[in-house]
Amino acid sequence: MTWIDLANPVPKAAPESYAPIMWEVGEIYTLPLLSGGPNRPFYDVLDERVSHREFGAVKDDQLGSFLWVACRTRWSSASNLGFDLEHRAAPSAGAIHPIHIVIKRPDDDRWWLYEPRTHQLLELKHARTNLAGLYNQSMLVLDGGLAIQVLFIAEPGKTLGKYQNGCSLVWRDAGVLLGVMALTATAQGLNFCPLGITGEPWASALADQGKLVGVGLALLGSVASS
Ligand SMILES: Cc1cc2nc3c(=O)[nH]c(=O)nc-3n(C[C@H](O)[C@H](O)[C@H](O)COP(=O)(O)O)c2cc1C
């Protein structure tokens with residue numbers, strides 16, 4: 001067995017300021033806010049959550065509700081790290097939230113970055129080319145049909161500015177976000193399945209060497225009608 005020891009994270013005595021990536025974006029789409037969907041008791045949601053592997057189309061109001069609950073920034077506060085700290089549904093080491101959510105709808109070959117502070121989708125320039133191979137790879141793992149592809153892209157420099165040996169924190173942030181998304185999908189009557197592939201080597205091609213890294217993928221769909 002080969003276990004890669006990511007070592008124990010330790011806060012740096014003097015945090016290094018980090019300049020977050022500036023994305024090249026095209027079209028901007030403001031998502032619908034939370035719409036009145038099913039309001040299931042939390043324990044029922046925990047009991048009902050399963051991975052589904054058949055997917056119907058997701059409407060924009062369903063996608064908006066999903067991202068609003070699972071991913072939006074509820075509030076932020078200033079820091080000395082070069083960017084604001086944020087509070088969202090998922091916990092994040094140091095309140096840093098180094099993971100970006102990038103989605104691709106089934107009827108659109110563009111990839112869109114979710115902006116959690118404004119609840120908008122930002123079309124990523126160049127992603128269509130850079131992520132084409134990733135889309136093919138994910139279809140080999142699980143043919144998502146009408147699912148939305150949800151790509152987790154980490155910007156490790158945010159976390160590593162504060163923590164020495166911080167890589168495991170980024171992976172744990174990805175895991176906890178995956179769990180929050182899975183439960184949110186269940187609560188909203190949507191189908192969700194994590195994929196084991198990371199998104200590499202395609203995700204990192206979206207920025208200069210080492211700035212971005214793929215840390216997972218998931219599929220989101222409506223309950224498929226057979
Ligand atoms: C990190 C992670 C990676 C996974 N990768 C895949 C995958 O590549 N393909 C797939 O069909 N399911 C994948 N799954 C879903 C698991 O197979 C599923 O959670 C497991 O079978 C338990 O079933 P349940 O989620 O319905 O409880 C993944 C789950 C996790 C947490």
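Select Asp-60 together with Leu-31 and Pro-32: setting aside residues within four places in sequence, Asp-60 is in contact with these two (contact meaning C-beta atoms, placed from the backbone, within 7 Å). The C-alpha atoms of Asp-60 and Pro-32 are separated by 7.0 Å, although the two residues stand 28 residues apart along the chain. Asp-60 has 13 C-beta neighbours inside 10 Å and therefore counts as partly exposed (buried requires 20 or more other C-beta atoms within 10 Å, exposed 12 or fewer, partly exposed lies in between).

This is a predicted model, in which local features need pLDDT of at least 70 and side-chain atom pairs count only at pLDDT 80 or more, while totals for chains, interfaces and linings use all residues. Residues are numbered from 1 along each chain as its sequence is written.

H2 and H6 pack at about 135 degrees, with axes 9 Å apart (axes are lines fitted to C-alpha atoms over the stretch in contact, and angles run from 0 to 180 degrees between N-to-C directions). To see their contact, select Phe-66, Val-69 and Ala-70 of H2 with Val-180, Met-181, Thr-184 and Ala-185 of H6.

Finally, centre on Leu-220, which touches residues including Phe-66, Ala-185 and Phe-192, not counting residues up to four places away in sequence.

Note on methods: Helix = DSSP H or I, 4+ residues; strand = E, 2+ residues; numbered from the N terminus.
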